[in-house]
Amino acid sequence: MSLGDTGIQREIAALNVFINLLRAEQGALVRGENDRVAEFAAPKSDHLFELTRLGDVRNGLLVKGGFTADRAGMEKLLSQNSGNAALRSAWQQLLSLTQTAQQANTTNGMLISSRLHHTQRALNAIFSAARLPGAYGADGNTVSLRTAQQLAVA
């Protein structure tokens, strides 16, 4: 594989698949389909592995060409090959998609955190109403589900 359009186009294609997974996960979160969220873990992990592999290939080719294995190295390569508009365009598209993926992942993390917070509050209310001090964690130890509630601030 060369560093040219083909290599970066493969990264773009893999990143588009990953973004689509993130968006599907986000849709499930927004619709409250919490059971479906776990279905996205394995495919996301697989695609992250593939994106890492493709990035490693790109970085290896940069080093082989005498550049650093990072964004600065890619920018230097592009500046030395200013006539290759297709490669520059593909690189810009890859950077843009990377930002899109980061934003989607951040949004999903916030949605998951919000759902977790609401679930924790509901469990606290249930255990408090039942006058139970806690529950058992996955390791078998007791976990307190009560959190400090601030009633007033002076």
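K44 is buried, with a relative accessible area of 16%; buried means under 20% relative accessible area, exposed means over 50%, and partly exposed lies in between (1.4 Å probe, protein chains only). This residue sits in helix α3, which covers residues 41-64. Helices (H or I, at least four residues) and strands (E, at least two) are DSSP runs, numbered from the N terminus. Apart from neighbours within four places in sequence, K44 is in contact with F18, L21, L22 and E25, where contact means heavy atoms within 4.5 Å.

The model is predicted: local features need pLDDT of at least 70, side-chain atom pairs count only at pLDDT 80 or more, and totals for chains, interfaces and linings use all residues. Residues are numbered from 1 along each chain as its sequence is written, and side-chain values use heavy atoms, with hydrogens and water left out.

The chain as a whole has five helices and two strands. Along the sequence they follow the pattern α-α-α-α-α-β-β. Of the 154 residues in the chain, 27% are buried. Among contacts between residues at least 6 apart in sequence, 54% join residues at least 24 apart.

Next comes the interior. In soluble globular proteins, nonpolar side chains tend to be buried together. A nonpolar core is a set of buried Ala, Val, Leu, Ile, Met, Phe, Trp, Tyr and Cys residues joined through side-chain atoms within 4.5 Å. The largest one here has 22 residues, and those with the most contacts inside it are I8, L15, M74 and W91. Helices α1 (5-30), α3, α4 and α5 (85-129) each give two or more residues to this core. The largest share, eight residues, comes from α5. L15 touches L51, L94, L97, T98 and A101, when residues up to four places away in sequence are not counted.

M74 also belongs to the buried residues of helix α4 (residues 71-80), which are G73, M74, L77 and L78. Seen down the axis of α4, these buried residues fall within an arc of 135°, so they line one face of the helix. The arc is that of the directions from the helix axis to the C-beta atoms. On the other side of α4, R71, A72 and Q80 are exposed.

Charged residues form another set of links. Side chains of opposite charge can pair when their charged atoms come close. A salt bridge is a side-chain nitrogen of Lys or Arg within 4 Å of a carboxyl oxygen of Asp or Glu, and by this rule the count comes to six. In helix α3, E50 and R53 are three residues apart, which means that about one helical turn separates them. Their side chains meet in a salt bridge (2.8 Å, N to O). E50 is partly exposed at 28% relative accessibility, and R53 is partly exposed at 38%.

Salt bridges that share partners also join R31, E33, R36 and E39 into one network. R31 counts as exposed, at 52% relative accessibility. E33 is partly exposed, with a relative accessible area of 27%, and R36 is partly exposed, with 31%.
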